[in-house]
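Okay, everyone, thanks for coming.

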Amino acid sequence: MFTLGALMEASLLCLNAICVLHEERFLARFGWQQRRAQRRYGPPSTTEQVLHIIRSIRTVAKIPLIFVNIITITFKLLFG
Amino acid sequence: MNYNPNAAQGGGRVRPIKRVSDLNAMGPTAPMPSGSAFMTPTVAPTMFDPNMYGGPAPQQANSYGYNAAPTSAASPQQSQQQNYGYTPGQQTMANAPSGQPAFGMSGPQPPAFGAAAGSAPGGQYPQFSMFQQPIVQDMAMQYGQRLADQGKQLVENQFEKWVPVAKLKYYFAVDNAYVGRKLRLLFFPYIHKDWSLKYDQEHPVQPRYDINAPDLYLPTMGYITYVIVAGLLLGMQNRFSPEQLGIQASSAMAYSIFELVIYSISLYVMNVKTSLKTLDLLAFTGYKYVNIVVCLLMSTLFFRSGYYIALAYTSFSFGFFLLRTLRTKLLQDNTPTAPSGAINYDPYGNPQQFDYSGGRKRKLYFLFLVVAGQILFAFLLSKHLYLPGVDPLATLKAL
């Protein structure tokens, strides 16, 4: 059953997965690193948007995720 | 605020009207109800009525609800006493010479004070005697009023910060005729001609004047009805338990949030510039609950075949409706509304930020994503609920 709790858990895992992606070690292999220098004029492409959203999530959610992860792991260990 | 220093006429001392400062302290944000909340409902129909207690009105110096009781007339005094719930102890105070006013207390007077004054008419509690001086009362009242106003404003500001009340009010501005027309439009969208949104200068007009505007009333009611109908159908299949209602509600809410997040992210990633707000998306995706409810109710009459036929029909007509509505909103969008919210955020500050044209292909992709998502989620939300048929064993057990 896909309930609110499951949704929260899933979003927590997804956020963790996004934060784990490493820019130089992982994303650069696919040519997904940030290229600000040779940016041409025009609307940003889909890839750039994806990169941007990954970077934003990593910036915003990194520190809160640490605490949320600790709390979740503790609760899962104790009750689940 | 009803405190009246001019009440004691015997003194012949006319004090300057202090009401102005009181009203200023109240400010425009705190109209009369804040004061009248302290009154018992039987007290005063209108506080500004000078004839409220049947006194000789016109010569009164103020019109702030309390009609200054002449010291000679016993009956208005009596009525005032009843109305304000005074104890006899207060009566002695009201009749005190010259300086003591008979204040009408409807402002935020501390109730403990009234009780104490009532129970102790004399100087039994001398520490309260300073509260009986008018200037102290005035100050205390102003201070209390200001405190209350500050608190109220703080609460309102915080509430406004987290919940966009003004925006939400737009989505709930519906009436009966609109709901009827919208339901008809949802199920028979084929003959509708004009799909464009009406604009009142810069803002879209409220849903009650424009059938094409998105509202949140139907989604909310549809959601609640969906939960109830789910309980009904589970009960018909002998699967009902009270916590099932909560589970269904939570599940539907989770699906809604999930698809809203998906649409928002895809709008951002595909870099679709649109005037479509998140609440609009919530409204459009919420209409599917109406379809689901209809499908589930059909399954109570015609079982599995009825459910699938109803699902096919409502999916088709709802897809038609969504395509037409969102197409006018997405593709032919030259609205003057300024973009707001995360969807329209342009990280690179392009000069064409306010131009919603362009990216027609991506917009079409997004459109089909939304329509397909609606049909998929409508199926997912109802597939475990519909009545598959009459189970002979279950009916035997029920008998």
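Let's begin with chain B, where 44% of the 399 residues count as buried. One thing to keep in mind throughout is that this is a predicted model. Chain B's secondary structure comes to 14 helices and two strands. As for how the chain folds back on itself, take the contacts between residues at least 6 apart in sequence: in chain B, 74% of those join residues at least 24 apart.

Now chain A. Here we have two helices and zero strands. There are 80 residues in chain A, and buried ones make up 25% of them. The contact figure, again for residues at least 6 apart in sequence, is that 70% join residues at least 24 apart.

Staying with chain A, let's look at how its helices pack. H1(A) covers residues 4-20 and H2(A) covers residues 46-79, and their axes come within 8 Å, crossing at roughly 130 degrees. So what does that make H1(A) relative to H2(A)? It makes H1(A) oblique to H2(A). The crossing itself is left-handed. If you want to find the contact on the screen, look on the H1(A) side for residues including A:Leu12, A:Leu15, A:Ile18 and A:Cys19, and on the H2(A) side for residues including A:Ile54, A:Ile57, A:Leu65 and A:Val68. There are also A:Glu9 from H1(A), and A:Arg58 and A:Lys76 from H2(A). By class, this contact of H1(A) with H2(A) has eight nonpolar, three polar and three charged residues.

Back to chain B, and a pair of helices there. H9(B), residues 217-236, and H12(B), residues 288-330, have axes that come within 8 Å and cross at roughly 25 degrees. Parallel or antiparallel, then? Roughly parallel, since an angle under 35 degrees counts that way. The crossing is left-handed.

H12(B) has another partner to show you, which is H13(B), residues 360-382. The axes of H12(B) and H13(B) come within 10 Å and cross at roughly 165 degrees. That makes H12(B) roughly antiparallel to H13(B). This crossing is right-handed. Sorted by class, the contact of H12(B) with H13(B) has 21 nonpolar, four polar and three charged residues.

Let me zoom in on one residue of H13(B), namely B:Leu367. B:Leu367 is buried, with a relative accessible area of 2%. Which residues does B:Leu367 touch, leaving aside its neighbours within four places in sequence? B:Leu323, B:Leu326, B:Arg327 and B:Leu330. There's also a C-alpha separation to mention: B:Leu367 and B:Gly319 sit 48 residues apart along the chain, and their C-alpha atoms are separated by 10.0 Å.

B:Phe303 is found in helix H12 of chain B, and it has a positive phi of about 60 degrees although it is not a glycine. B:Phe303 counts as partly exposed, at 25% relative accessibility. Then there's B:Asn238, in the loop between H9 and helix H10 of chain B. Its phi is near 55 degrees, again a positive value in a residue other than glycine. Buried or exposed? B:Asn238 is exposed, with a relative accessible area of 57%.

Last item, cysteines. How many disulfides turn up over all chains? Zero, from a search of the whole structure. As for where some of the cysteines sit, A:Cys14 is partly exposed at a relative accessible area of 48%, while B:Cys295 counts as buried at 1% relative accessibility.

That's my tour, so let's go to questions.

How values were computed. Residues are numbered from 1 along each chain as its sequence is written. Chains are lettered from A and ligands numbered from 1 in the order in which they are written. This is a predicted model: local features need pLDDT of at least 70, side-chain atom pairs count only at pLDDT 80 or more; totals for chains, interfaces and linings use all residues. Side-chain values use heavy atoms; hydrogens and water are left out. A disulfide is a pair of cysteine sulfur atoms within 2.5 Å. Buried means under 20% relative accessible area, exposed over 50%, partly exposed in between (1.4 Å probe, protein chains only). Axes are lines fitted to C-alpha atoms, for helices over the stretch in contact, and angles run from 0 to 180 degrees between N-to-C directions. Helices (H or I, at least four residues) and strands (E, at least two) are DSSP runs, numbered from the N terminus. Angles under 35 degrees count as roughly parallel, over 145 as roughly antiparallel, 65 to 115 as roughly perpendicular and the rest as oblique. A crossing is left-handed if the near helix is turned anticlockwise from the far one by less than a right angle, and right-handed if clockwise. Contact means heavy atoms within 4.5 Å. Ala, Val, Leu, Ile, Met, Phe, Trp, Tyr, Cys and Pro count as nonpolar, Asp, Glu, Lys and Arg as charged, and the others, Gly among them, as polar.
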